[in-house]
Amino acid sequence: MTSELLTQLTLARADIDRAEHRRDDQQWWIEAQKLASTRVIVLHRGQALVRTTDGVVQLLQQSPVDAPQGAVQVLLGVGPDGDAYIGALLPDDVAQPQAPEGYQWRGLRECGADLDAGDAGLFTAAAALAHWHRAHPMCPRCGMPTEPTQAGWSRTCSADAMQHFPRSDPAVIVLVTDDDDRALLGRRVDWDEGFYSTFAGFVEAGESAEMTVHRELFEEAGVRVDRLRYLGSQPWPFPASLMLGYRARLAAQSPAAEPDGTEIVEVRWFTREELARECAAGTVRVPPAVSIARHLIEHWYGRELDVTWSRP
Ligand SMILES: [Zn+2]
């Protein structure tokens, strides 16, 4: 086991300056939304326009004059040359604009792993903000409408001026190993036979991330663990999670692994050889590269897993 954190998590590679200081600069923001050099990424129902060339996927970055109207505008960041990157978040109820020649509408889950770091960061932030704006049209305190403020990084109530900010819900995701260095994976009730992943769950109110690791593994797989090690995090904007990745070891006094029968219907210990053999045979599938689960499994496995071993 290496001691470093996971640094190449697919949706945690953003390299853009978020330019937080510009969010309150109203004059600059109004100008930036009109400048021809500004790059606009349009989102509609979680999808953006992309082009695929030789397996590399690129986001369409439009000039403001070419971007559709009627969207919530959010400042995603500022490039090294000072150009603003804006997310134009279209309402769900408008028809999807026609894709320009050579481009298609694609979701972040489908194409996130094939984007470069810059595009992955822009799409991830835009997707997270799009969900939040869509879900918060009204003030949770008084029920009156809210309007986007701070270049799309807050919403302000029209009646009581209360400001509301985008939230991320923390969740833990854990790869457990035993004394023989086998990995414990499980199959969720809604997954096809042969699909396996690590165990995950939301951090509840009043709980630490480590408490969640212990609770979820006991609830879902019936095991007690110790020797927790934090490995890194990535945003998971489907719709609003922050995934905190851990390794843990099966405790000496742990009961045998057993699925809870409701959320998890199967749990299984894998050696590396078993996982490789069954994946190659097509009887086992692991999560796709966009997920932190995939990276946790690869961290244990010792190298990247073949792309054909991914489930859809
Ligand atoms: Zn209010």
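Strands, like helices, are DSSP runs numbered from the N terminus (strands: E, at least two residues; helices: H or I, at least four), and two strands pair if DSSP finds at least two bridges between them. Strand β8 (residues 154–157) runs antiparallel to β9 and is joined to β9 by two bridges. Within β8, T156 stands opposite Q163 of β9.

Residues are numbered from 1 along each chain as its sequence is written. The model being predicted, local features need pLDDT of at least 70 and side-chain atom pairs count only at pLDDT 80 or more, while totals for chains, interfaces and linings use all residues.

Most residues other than glycine have a negative phi, and most peptide bonds are trans. Two residues other than glycine have a positive phi here, as tabulated.

Burial is judged from other C-beta atoms, placed from the backbone, within 10 Å of a residue's own: buried at 20 or more, exposed at 12 or fewer, partly exposed in between. R45, with 14 such atoms, is therefore partly exposed, whereas A151 counts as buried because it has 24.

A cis peptide bond joins F238 and P239, with omega about 10 degrees. P239 lies in the loop between β13 (225–236) and β14 (241–250).
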